[in-house]
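Biologist: I would like to go through this fold with you, one feature at a time. Please give the general idea before each case.

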Amino acid sequence: MQTFRGKIAAITGGGTGMGRELALQLVNEGCSVAICDVSETDMSETARLCGERSASGATIATFVADVSKEADLLGFAAYVREKLATDHVDLVFNNAGITGGGSIVDGNRAQWERIFNVCWFGVYYGTLAFLPLLLKSEDGRVINTSSLCGLWGSVGPGKAYSAYCAAKFAVRGFTEALINDFAANAPNIKSHVVVPGYIGTGIVTNSADLLGRDAPPTDMAVLRKAIGAHMAPEADIAAYTDEQLKAFAAERGRKFQENARTSASKAADIILAGIREDRWRILVGDDAEFLDRNLRVEPERIYTQEFYDMLVAEANWGS
Ligand SMILES: NC(=O)c1ccc[n+]([C@@H]2O[C@H](COP(=O)([O-])OP(=O)(O)OC[C@H]3O[C@@H](n4cnc5c(N)ncnc54)[C@H](O)[C@@H]3O)[C@@H](O)[C@H]2O)c1
């Protein structure tokens, strides 16, 4: 795919972050874009920014949908067909996601399943809902966002992250398997798996807000443990009040965005370049490339403290 001009794209999670940046760059190149998100307010801002940047002929449309619900994504696909008066879609970015910790042993089950359902079923339902429209494209692309947590089932020793890792491994496995499935059964469609490293978006704060809204309240003991896992090993969690721990979590979200190695705009550049170059595997950022290389050296060691210490020392990991 050499140009996005005149193409039609659908993006899930287009309200903020990488989804918004993808929409901005695509309309700027003359591609018509439809975004969905749970936040109407954030999507209005994306639409306003797209209006300022779009090349002639490119339109932007918005639709409220929760990607964990198949009916919402079927509604989004029907809306795209009608609103953009099209019988096909060329690019489907299954990008929406939320992050968060939580132990399978003593965590909050509703939150665990919420993270898994958004990150995995959002991608699966998005692919299924748009398949009839992709089949009618001359050059259809499904672009699914995984994570470093889809390569490595960890964010470091002592931290439980199994819902997010399980979902992102599923996204990667599904998208890689689609390569042969599409080649055999729908040769006009290709799939790309996106593996972002550490990208400067509001995902930590947005996810905490969304989880707080969507899942039943987590009891404070569970929350204290989850937040405490991100503090220095010598920190005495019991000495912190609930308010201090919540302030620590808010500050962590702010730092995540500020200290990122790759901006959301640069990430969108890399993703779109990967599609143009027909790469099925799109690593985003030097940290993603570093981890990817090192996971293959001695796989038996990748969940040890030594491996994590090497990441911190060699690649400034976690800073
Ligand atoms: N930022 C990073 O460092 C990073 C790293 C690896 C992977 N990712 C992945 O990249 C993708 C984009 O994340 P981002 O960093 O741009 O975060 P972000 O929070 O800025 O954007 C995610 C968007 O998805 C939306 N969303 C959340 N739940 C939804 C739902 N149920 N239905 C519809 N929309 C929903 C949010 O409202 C938000 O607008 C996610 O899949 C994330 O897991 C991000």
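Biologist: Is aspartate 287 buried or exposed?

Modeller: First, the ground rules. This is a predicted model, in which local features need pLDDT of at least 70 and side-chain atom pairs count only at pLDDT 80 or more, while totals for chains, interfaces and linings use all residues. Residues are numbered from 1 along each chain as its sequence is written, and side-chain values use heavy atoms, with hydrogens and water left out. Buried means under 20% relative accessible area, exposed over 50%, and partly exposed in between, with a 1.4 Å probe and protein chains only. Aspartate 287 has a relative accessible area of 3%, so it is buried.

Biologist: Which residues does aspartate 287 touch?

Modeller: Contact means heavy atoms within 4.5 Å. Leaving out residues up to four places away in sequence, aspartate 287 touches Gly197, Tyr198, Arg261 and Trp317. Aspartate 287 itself lies in helix α10.

Biologist: What is the strand order of the open sheet?

Modeller: Helices (H or I, at least four residues) and strands (E, at least two) are DSSP runs, numbered from the N terminus. Two strands pair if DSSP finds at least two bridges between them. Here seven strands form an open sheet in the order β3-β2-β1-β4-β5-β6-β9, with parallel pairing. β3 (60-64) and β9 (281-284) are the edge strands, each pairing on one side only. From one strand to the next, the twist averages 15°.

Biologist: How many bridges join β1 and β2?

Modeller: Strand β1 (residues 8-12) pairs with strand β2 (residues 32-37) over five bridges, in the parallel sense. Isoleucine 11 stands opposite isoleucine 35 in β2.

Biologist: Which strands does helix α3 touch?

Modeller: Axes are lines fitted to C-alpha atoms, for helices over the stretch in contact, and angles run from 0 to 180 degrees between N-to-C directions. Helix α3 (residues 70-83) packs on the sheet and touches β1, β2 and β3, its direction making about 155° with that of β3. Helix α10 (residues 286-295) also packs on the sheet, touching β6 (189-196) and β9, with about 115° between its direction and that of β9.

Biologist: At what angle do α4 and α5 cross?

Modeller: Angles under 35 degrees count as roughly parallel, over 145 as roughly antiparallel, 65 to 115 as roughly perpendicular and the rest as oblique. The axes of α4 (residues 109-135) and α5 (residues 162-185) come within 7 Å and cross at roughly 20°. The two helices are therefore roughly parallel to each other. Their contact includes Trp112 and Phe116 of α4, and Tyr164 and Phe174 of α5.
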